[in-house]
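Reader: I have a model open and would like to go through it with you piece by piece. Could you take my questions as they come?

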Amino acid sequence: MVLPGRAMATFRLALIQLQVSSIKSDNVTRACGLIREAATQGAQIVSLPECFNSPYGTKYFPEYAEKIPGESTQKLSEVAKECSVYLIGGSIPEEDAGKLYNTCAVFGPDGTLLVKYRKVSRECCKSHHLLRICSNVP
């Protein structure tokens, strides 16, 4: 709804889909190229798909998991800053203290990690219902 006398702000959002392979570095390079392409077309917010840096499925998490910050998130931070876009980093397999997560990292136009969200599935938390959002990430 637009209020009388107020202009509606507009922005361009890019939703990226990409074919992933078993080679993490190729997936990250491909994603960064598509982010750059979206930015050159005027996108101010860019969103990557779930598990963009690895084959899809929790069975791949042990092999592809990394820390945050880590290899993939460092590249996302750099490209967000380079392109001056907000970047929703889809999700990647994350390892933290021996546990595996399906984690989304969000970056600001200056490359700062703004927030990370750890997806929690029904299967892993039948005994307790929780939504984990880790904000104000150092």
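Reader: Let me start with cysteine 83: does it count as buried or exposed?
Author: Keeping in mind that this is a predicted model, cysteine 83 counts as buried, because its relative accessibility is 18%, which falls under the 20% cut-off.

Reader: Cysteine 32 sits in H1, I think; which residues of H1 are buried?
Author: The buried residues of H1 are Lys24, Asn27, Val28, Ala31, Cys32, Ile35, Ala38 and Ala39. They lie on the same side of H1, because the arc they cover around the axis is only 130 degrees.

Reader: Why would residues three or four places apart point the same way?
Author: An α-helix has 3.6 residues a turn, so residues at that spacing point the same way.

Reader: What covers that buried side, and which exposed residues are on the face turned away from it?
Author: The cover over the buried residues of H1 includes strands S1 (13-15), S2 (45-47) and S3 (86-88), along with helices H2 (61-64) and H3 (71-83). On the face of H1 turned away from the buried side, the exposed residues are Thr29 and Thr40.

Reader: What span should H1 have, and how far apart are its ends?
Author: Helix H1 runs over residues 24-40, and at 1.5 Å a residue its 17 residues should span 24 Å; the end C-alpha atoms are 25 Å apart, so the two values agree. After H1 comes glycine 42, which has a positive phi, near 100 degrees.

Reader: Changing topic, where is lysine 116, and is it buried or exposed?
Author: Lysine 116 is part of strand S6, which covers residues 113-119, and it counts as buried because its relative accessibility is 10%.

Reader: What does its side chain make a polar contact with?
Author: The side chain of lysine 116 is joined to that of glutamate 94 by a polar contact of 2.9 Å.

Reader: Finally, how many helices and strands are in the chain, and how much of the chain is buried?
Author: The chain has three helices and seven strands, in the order β-α-β-α-α-β-β-β-β-β along the sequence. Of its 138 residues, 41% are buried.

How values were computed. Residues numbered from 1 in each chain as written. Predicted model: local features only at pLDDT ≥ 70, side-chain atom pairs only at ≥ 80, totals over all residues. Heavy atoms only, no water. Helix = DSSP H or I, 4+ residues; strand = E, 2+ residues; numbered from the N terminus. Buried < 20%, exposed > 50% of the residue type's maximum accessible area, 1.4 Å probe, protein only. Polar contact = N/O pair within 3.5 Å; in protein donor to acceptor, adjacent residues only side chain to side chain. Expected span 1.5 Å × (residues − 1). Arc of directions from axis to C-beta. Contact = heavy atoms within 4.5 Å.
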